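Trainee: I am new to this structure. Please show me how to read its features, one at a time.

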Amino acid sequence: MHMKKNLSFLAILIVVAFMPALRGLHAQKSFEGTITWTMSIPATGDNEAHPMIIHIKGNKSNVDIDMGASGSVNTYSNLDTRKFYSCVDMSGRKMNYVADMDDPDLKRVTQKATDSLDLKPTGKKETIAGHPAEEFLLTGIKAQGVSLDMSIWAAADFPKEMQETFLHSLNKPGQDPKQNKAMKQLADRGLVPIRVVMRKDGEVAMSMEFVKYEQKSIDDSIVTPPADVKFSPMPKMPGMN
């Protein structure tokens, strides 16, 4: 059970760590709309692929993950206020937290998972959501006392301006240069991640896969944290010191 909790936290951490990459995909300033992914966390005993929809409007975004009977996760990011909000409802237990994007503890725990990344191509190729993609492997990612291997499938057929937007989203002033190292390596090659799979001892612990993007008008209420929810400061997690 402790291992499952560790892997569940790590899965959410990876979503947060990769959010600039996910948001950067087709997220230029003029873009307003949704990016749809699927996400599954077999490490928690749930093998179903659940929808993960990213809503983008200007410098605000909302990530809505519907985990079916297990619950839901909603995160809100505001690049103007540099605040990150999370609303987690798992098995009837609700947790609502707010954090500063520039909090050194949050940067440190993400950095620990990405410091020594060495991105290696495997030679495998596959068409994902209509995009020819190739696989890259990262081994020995350590966080929360768990060692995981990650495969990243990336595509090179997205428009150049979108690739540049992707790279720009990863190079924020003041951001630790080691953070999101693997994503920057891909961006430097003109590649955009469209599938991420994490394995523990050869078994899939978590996976995410790009489905589609849609340009459309987004109501401001969708990318704004609910006013009737009281948010507490995000607690210190193991590894945040």
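Trainee: Which residues does Thr36 touch, not counting residues up to four places away in sequence?

Mentor: Contact means heavy atoms within 4.5 Å. On that basis Thr36 touches Met52, Ile53, Glu209, Phe210, Val211 and Lys212. This is a predicted model: local features need pLDDT of at least 70, side-chain atom pairs count only at pLDDT 80 or more, and totals for chains, interfaces and linings use all residues. Residues are numbered from 1 along each chain as its sequence is written, and side-chain values use heavy atoms, leaving out hydrogens and water.

Trainee: Where does Thr36 lie?

Mentor: Strands are DSSP runs (E, at least two residues), numbered from the N terminus; helices are runs of H or I, at least four residues. Thr36 lies in strand β1, residues 32-41. The protein has four helices and twelve strands.

Trainee: Is Thr36 buried or exposed?

Mentor: Buried means under 20% relative accessible area, exposed over 50%, partly exposed in between (1.4 Å probe, protein chains only). Thr36 is buried, because its relative accessible area is 14%. Buried residues make up 47% of the 241 residues in the protein.

Trainee: How many residues has the largest nonpolar core?

Mentor: Such a core is a set of buried Ala, Val, Leu, Ile, Met, Phe, Trp, Tyr and Cys residues joined through side-chain atoms within 4.5 Å. The largest has 34 residues. Trp37 and Met52 are among those with the most contacts inside it. Elements giving two or more residues to this core include β1 and β2 (46-57). β9 gives the most, with six residues.
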